[in-house]
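User: I am new to this structure and would like a guided look at it. Could we begin with its open spaces and then move on to strands, helices and loops?

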Amino acid sequence: MLKWLDVIKYANKGNLTPDRRVEKTDEEWKALLTEEQYYITRQKGTERANSSDLCTFFEAGKYTCVCCETLLFDSAEKFDSGTGWPSFTQPIKDNVIAYHKDKSHGMYRIETTCNTCDAHLGHVFQDGPMPSGLRYCMNALALKKVESMERKATFGGGCFWCTEAIFQNLKGVVTVESGYSGGRISNPTYREVSSGITGHAEVIEFTYNPAEISYEDLVKIHLTTHNPTTLNQQGADMGTQYRSVIFYRNEEEKTIALNAIKELKATYDDMIVTEVAMFEHFYPAEDYHQNYYNENRDQNRYCAAVINPKLRKFKELYKEKLK
């Protein structure tokens, strides 16, 4: 998660490398864009406040650069700032936005541009909601809304290597990332979380398509592929960081999770102790934790002794749900 110090660092020392570059002449941009779009994105203009309906639209979807169609923001990070311009707390990836010092108009600000094509987007400020504290104040004319059915969910069920390996195999699950959630500090390290002092749980955050797999199915699969009856423990892994947890993003998801627990409790001898808590933020784990099972299955004893048996059981139970 980007913070204000990251923004300042990039503005002072240089931006991350984009996944690709798009470069055109002024005449090519003029042929591609409307007059207003060209003014905003190529001449660093600013649209009038409250001039776009994008300020009040919060439906699921994604936002691309109007010039090069690079994905910039997800609607999950959009919020009502009351400023009259569409506002976001985070870009969709760290390297899609570039940051530049802007001392125009007698102010010191940080300008944001598309890192792919240098289109002017707006500015970023440090008065946004926590935990990032950022407000990406964007010109609506610099963005293009694209429809997307994709949703995100965040579950914890012990070691995230196991949970990640299971959910990567599910039909309808697009991406899976291991990380930390539910604790008291920002951007924790694995060492800090492992100590148990941060309050974070090892979790996965995954993107899924509800047209292919429902949230209810995902919850039930989660509850039946780890032991939801052991408090702060999964096998030999002990501590609050290994607790069973479902982080919901809205009341509908909360209701679905609680109903699934009620439905499944009869299948267990002991009480289900899975925590159902409001999602606040997800912090990605270090790179070496990502895609761990697929990268280490042949040389890691934990993969052989713990993850392999879990995967075999999961694949037997949910054959029809596999990719």
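**Pockets, strands and loops**

Analyst: The second largest pocket has a lining of 19 residues, and those nearest its centre are Thr225, His226, Asn227, Gln234 and Lys310. Please keep in mind that this is a predicted model.

User: How much space lies in the second largest pocket?

Analyst: The second largest pocket holds about 320 Å³ of space.

User: And which helix gives the most to its lining?

Analyst: Helix H9, residues 301-317, gives the most to the lining of this pocket, with six residues. By class, the lining of the second largest pocket comprises eight nonpolar, eight polar and three charged residues.

User: How many cavities of 30 Å³ or more does a search of the whole structure find?

Analyst: The search finds one such cavity. The volume of the largest cavity is about 50 Å³.

User: Which residues line the largest cavity?

Analyst: Its lining consists of Gly157, Cys162, Thr163, Ile166, His222, Thr225, His226 and Lys310. Helix H4 (residues 160-167) gives the most to this lining, with three residues. Two residues of the cavity lining are nonpolar, five are polar and one is charged. Thr225, His226 and Lys310 are among the cavity's lining residues and also among those nearest the centre of the second largest pocket.

User: His222 was in that list. Is helix H6 enclosed or open?

Analyst: Helix H6, residues 215-224, is largely enclosed by the rest of the structure, because eight of its 10 residues are buried. The buried residues are Tyr215, Leu218, Val219, Lys220, Ile221, His222, Leu223 and Thr224.

User: Let us turn to the strands. How many residues of S15 are buried?

Analyst: Five of the five residues of strand S15 (residues 244-248) are buried, so the strand is mostly covered. Ser244, Ile246 and Tyr248 point one way from S15, while Val245 and Phe247 point the other way.

User: What joins S15 to strand S10?

Analyst: Four bridges join S10, residues 151-157, to S15, and these two strands run antiparallel. Gly157, one of the residues lining the largest cavity, has Ser244 in S15 as its bridge partner.

User: Which way does S15 run with S16, parallel or antiparallel?

Analyst: S15 and strand S16 (residues 275-278) run parallel and are joined by four bridges. Phe247 has Ala277 in S16 as its bridge partner. Between S15 and S16 the chain passes through helix H7 (residues 251-264), and this β-α-β crossover is right-handed.

User: What about His105?

Analyst: His105 also has a positive phi of about 60 degrees and is not a glycine. His105 is placed in the loop between strand S5 (97-102) and strand S6 (109-114). With a relative accessible area of 67%, His105 is exposed.

User: Finally, is Gly128 buried or exposed?

Analyst: Gly128 counts as buried, because its relative accessibility is 15%, and buried means under 20%. Gly128 lies in the loop between strand S7 (120-125) and strand S8 (135-138).

User: Which residues does Gly128 touch?

Analyst: Leaving aside residues up to four places away in sequence, Gly128 touches Phe79, Gly133, Leu134 and Arg135. The C-alpha atoms of Gly128 and Lys145, which are 17 residues apart along the chain, are separated by 22 Å.

How values were computed: Residues are numbered from 1 along each chain as its sequence is written. This is a predicted model: local features need pLDDT of at least 70, side-chain atom pairs count only at pLDDT 80 or more; totals for chains, interfaces and linings use all residues. Side-chain values use heavy atoms; hydrogens and water are left out. Buried means under 20% relative accessible area, exposed over 50%, partly exposed in between (1.4 Å probe, protein chains only). Two strands pair if DSSP finds at least two bridges between them. A crossover is right-handed if, with the strands pointing away from the viewer, the path from the first strand over the helix to the second runs clockwise. Contact means heavy atoms within 4.5 Å. On a 1 Å grid over the protein atoms alone, a cavity is a set of points where a 1.4 Å probe fits but cannot get out, and a pocket is an open set with protein on both sides within 12 Å along at least five of seven lines; lining residues have an atom within 4 Å of a point. Grid points are joined across faces, edges and corners, and a volume is the space filled by probe spheres set on the points. Ala, Val, Leu, Ile, Met, Phe, Trp, Tyr, Cys and Pro count as nonpolar, Asp, Glu, Lys and Arg as charged, and the others, Gly among them, as polar.
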